[in-house]
Amino acid sequence: MYAPSKLCKIPLNWSFPSSIAALPPRPPPGLRLPLIWDPDDHEFEPKELWLHLVACQSVLASYGEYQRMLDKDVFPLVISKGAIVVQPMERATYGVMVWALLVIGVQMAQRYPMPQAIPTLSTTVSAHGVLRGHIRIQKPVLGVAPVATSEKAGSDHSTSMKARRRNGSDLSLLTADTGSKPCFEDPNLVVHYRFTKRPLSPGQVFTAFLNGNVFCSDHEEESYRDVSVVAFSSDRLVSMRLKGVEFGSGVKQLSWRLARIALRELWQGVVMAFIYDRGGFVDEPRWESVSFLLFYGGVRIGQGSLG
């Protein structure tokens, strides 16, 4: 952990020159998702579904935009025991499925705004006039817990529990106005955060994180370390901003992979106050602006804000 005094140096806000931002991602041409909602089948608590939809999207984004998706991935909902199931068809890519989850999340936030319950969902995903796969949010099966079929998803969960036990972060008040959170995929990466008291709507925060994952997916396979994210909420009134900072002789250490990992921890552990070790939420989500710094091995590598 780092000295709390460092947290006080987080600026309330800062501006990002437009010239430093990577080009915003563009959706796959002809992306189509006819969403079928079924309230009579099952309804989920919204914050659980929102939590896992962003996490699921983050895992898929780790494979890179153009990589072929060959196998079905099942992402368990740890409280309700339902699941998000992503089933690729021939010529499916991870980038298309990441975009599809963004579309689902935007429609979900608009149709069933917090705190409305969200029903089960199924859809087909098409792009370039070709069927690319199916996505469904399936109801719990009584007495049967879904098993994660994504190797990365299972690894993330295991690493999460080990990292939290090692750092003792599950004993801290995650929703304090300022704090530090080590990232479970890489405990050397630590998010220092400061809530800055500007109220935001739940849908704005949710869709800004979804757009942030799309941004990272679009650049995941790039090796250069000149990261700059400017992702907006679906109404474009709230922005998620993250950039690397220079270290030593002008070298930047923040990679696109680390940026994605940090945003996921900011969403799960800070905004949503969810801890896998406890199997649930330790507090209510914080729907407000937040500034944050990223440290790796004690060295500052990035800074960002949501608001």
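1. Helix α2 (residues 46-61) is covered throughout: 16 of its 16 residues are buried, so the rest of the structure largely encloses it. Buried here means under 20% relative accessible area, exposed over 50%, and partly exposed in between, with a 1.4 Å probe and protein chains only. At 1.5 Å a residue, the 16 residues of α2 should span 22 Å, and its end C-alpha atoms are 22 Å apart, which agrees. The expected span is 1.5 Å times one less than the number of residues in the helix.

2. A word on the basis. This is a predicted model, in which local features need pLDDT of at least 70 and side-chain atom pairs count only at pLDDT 80 or more, while totals for chains, interfaces and linings use all residues. Residues are numbered from 1 along each chain as its sequence is written, and side-chain values use heavy atoms, with hydrogens and water left out.

3. Overall content. The protein has 6 helices and 15 strands. These are DSSP runs numbered from the N terminus: helices are H or I with at least four residues, strands are E with at least two. Of the 307 residues, 54% count as buried. Take contacts between residues at least 6 apart in sequence: 75% of them join residues at least 24 apart. Contact means heavy atoms within 4.5 Å.

4. The open sheet. Its 5 strands run in the order β1-β4-β5-β3-β2, with antiparallel pairing. Two strands pair if DSSP finds at least two bridges between them. β1 (36-44) and β2 (73-76) stand at the edges, each with a single partner strand, so one side of each has no neighbour in the sheet. From one strand to the next, the twist averages 15°. β2 pairs with β3 (residues 83-88) over 4 bridges, in the antiparallel sense. V74 has V85 in β3 as its bridge partner.

5. Helix α3 (residues 94-111) packs on this sheet. It touches β1, β2, β3, β4 (118-127) and β5 (130-138), and its direction makes about 50° with that of β5. Axes are lines fitted to C-alpha atoms, for helices over the stretch in contact; angles run from 0 to 180 degrees between N-to-C directions. In α3, 14 of the 18 residues are buried, so the helix is largely enclosed by the rest of the structure. Its 18 residues should span 26 Å at 1.5 Å a residue, and the end C-alpha atoms are 26 Å apart, which agrees.

6. T93 counts as buried at 15% relative accessibility, whereas M89 counts as partly exposed at 35%. Leaving aside neighbours within four places in sequence, T93 is in contact with E65, Y66, Q67, R68 and M69. M89 and S126 are 37 residues apart in sequence and 9.9 Å apart in space, C-alpha to C-alpha.

7. Aromatic pairs. A search of the whole structure finds 9. Y193 and F195 have ring centres 5.7 Å apart and planes at 70°, so this pair is edge-to-face. Rings of Phe, Tyr and Trp (its six-membered ring) pair if their centres lie within 6.5 Å; planes under 30 degrees apart count as stacked, over 60 as edge-to-face, and the rest as tilted. Y193 is buried at 1% relative accessible area, and F195 is buried at 3%.

8. A tilted pair joins two helices. F209 and W267 are 5.1 Å centre to centre, with 50° between the planes. F209 lies in α5 (residues 202-219) and W267 in α6 (residues 256-271), so the pair ties together parts 58 residues apart in sequence. Both F209 and W267 are buried. Ring pairs link W50, F206, F209, W267 and W287 into a cluster.

9. Charges over rings. The charged end of R286 sits over the ring of F195, 4.1 Å from its centre. That of R236 sits over the ring of F232, 4.3 Å from its centre. The criterion is NZ of Lys or CZ of Arg within 6 Å of the ring centre and within 35 degrees of the ring normal.

10. Strand β15 (residues 299-306) is mostly covered, with 6 of its 8 residues buried. Strand β9 (residues 239-244) joins β15 through 5 bridges, running antiparallel; L242 has G304 as its bridge partner. Strand β14 (residues 288-296) joins β15 through 7 bridges, also antiparallel. There, V290 is partnered by L306. The β14-β15 hairpin has 2 residues between the strands, and G297 takes a positive phi near 60°.
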